[in-house]
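Thanks for coming, everyone. Let me put the structure up, and then I'll walk you through its charged residues.

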Amino acid sequence: MLATLLGVTSCNSCGTAGEEDVPKVESVILSRIKQKADLVTTEVKVRKLAIYDSSKHEKFELKDPRTWKYGERKCIVPVDVTIKYGYDLRDLTIDDVKLTDDSTAVVILLPEPKVIDSGYEAKVEEGAVVRMSSGMRDKISHEEVDQLMVQAYKAVMKEDFSAMVNRDIENNAKVVFEAIVRGIGMKNVEVIVQSKSLGLKI
Amino acid sequence: MRNRGWIIVACVVVVGIVCAMLIRGCVQRGVEEIPMEETMASIEEIRPRGEIYVCSAMMEDFTLQRATERNFIMPDEEHSCVQTMTQKCSYKIDLDKVEYEAVDSTKTIYVKLPDVEYVATTQSTSFLSDDGNYWAEHLPNTNAMKRKVEGQIKKRFDTPSNKRKAERYAEDAISEVMRKLGYEVEFVRKLERRRE
């Protein structure tokens, strides 16, 4: 009995977590390389707190032993999401770029802005993650932290921020096109950007 | 006397079953999907950008880590965990670094493109292990494993052949814009040399 107890409680801290050589497995390519011509004009950084609180979801029921869990588990993980908005340049036709008759302005009709790229920072400093477990409950595992982060990222992407930053996306597009127009030597030409859906208004 | 013996055995069995149910109910194991609370997302920063994404692909990879838990009397226990990651890998060009020189007489524009840049954004990560409690205690965080997977994905995607492909796509993208502005494009390595 003593031997068993000693064996079990002997030394968890004696364990050494180390990497081992694993047979080389190459990355799985989930999709072919797709050619794009996406102009990014605006980058938005969004922060969401991913919170898990077992006490809000688990209810004790005398008939169900699975609910006889003594203790609680809580976890808070901050998730930083970056979303890049812009335009697919292939949606821009030759008719969408017009030089005014007096050659003083270039009018560019832009398609609807869209999300060009997005992702979240998967590496989080240990101090930034709050993990709590009491009673007989398991510790908050790395599995669960990763799950929470993915859920938070998906939740952010479901929210439509484009409406909130639409103005910035369009204004920044104007700055980008102005830089191109100046770059090619059209110094005194004004750049006007308009939404294609609103039609040409000069 | 014989009946009494059977009653004791039955009692032991019943107590055993109840204890097993209690232990199973009280101790939570496994990695079920855990529910996330509803929280507000806040916009931290809005930054202007000027870059063109010329191609992208989704990639996935993993890394494995093993550890031995040494016990004084009980046999040593082997533990292992796997970190997987899915990333969207892309190449982009920074428009601030593109150099132009227009020749109005021929409606031609000479363009010097900067090098295409590799960028990757994480779409999902997943940590799998044989013993969540052990790894929660002995592995402070998974950042090193995630960095390793990122490196593996970059090594696979960011190859000279993919880079060449991206450079071609970058030329296509810039030509597309310039044609719409009414110019034909010629790509050059150095604008200065062309001027001479």
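**Charges on the surface and between chains**

Start with D115(B). It sits in a loop of chain B, between strand 4 (108–112) and strand 5 (117–129). Strands here are DSSP runs of E of at least two residues, helices are runs of H or I of at least four, and both are numbered from the N terminus.

Some ground rules. This is a predicted model: local features need pLDDT of at least 70, side-chain atom pairs count only at pLDDT 80 or more, and totals for chains, interfaces and linings use all residues. Residues are numbered from 1 along each chain as its sequence is written, chains are lettered from A and ligands numbered from 1 in the order in which they are written, and side-chain values use heavy atoms, without hydrogens and water.

Back to D115(B). Is it buried or exposed? Exposed, because its relative accessible area is 61%; the class begins over 50%, buried means under 20%, and partly exposed is in between, with a 1.4 Å probe and protein chains only. D115(B) forms a negative surface patch with E167(B), E171(B) and D172(B). Patch residues have over 30% relative accessible area and no salt bridge; like charges are joined within 9 Å, nonpolar side chains (Val, Leu, Ile, Met, Phe, Trp, Tyr) within 5 Å.

Next, salt bridges. How many does the structure hold over all chains? The count is 27. Each is a side-chain nitrogen of Lys or Arg within 4 Å of a carboxyl oxygen of Asp or Glu.

Take K84(A) and E51(B), which meet at 2.7 Å, N to O. K84(A) is in strand 4 (residues 73–88) of chain A and E51(B) in strand 1 (residues 41–69) of chain B, so this pair joins two chains. Both residues are buried. They also belong to a salt-bridge network, with E43(A), K45(A), E45(B), R47(B), R49(B) and K92(B).

Now K88(B) and D117(A), a salt bridge at 3.8 Å, N to O. K88(B) lies in strand 2 (residues 77–94) of chain B and D117(A) in strand 7 (residues 114–120) of chain A, so two chains are joined here. Both are buried.

Within chain B, K180(B) bridges to E176(B), with the closest N and O atoms 3.4 Å apart. Both lie in helix 4 (residues 160–180), four residues apart, about one turn of the helix. K180(B) counts as buried because its relative accessibility is 12%. E176(B), at 28%, counts as partly exposed.

Terms used:
Accessible areas come from the Shrake-Rupley method with a 1.4 Å probe; for residues, only the protein chains shown count as cover. Lys and Arg count as positive and Asp and Glu as negative; His and the chain ends are not counted. The place of a charge is taken as NZ of Lys, CZ of Arg, CG of Asp or CD of Glu.
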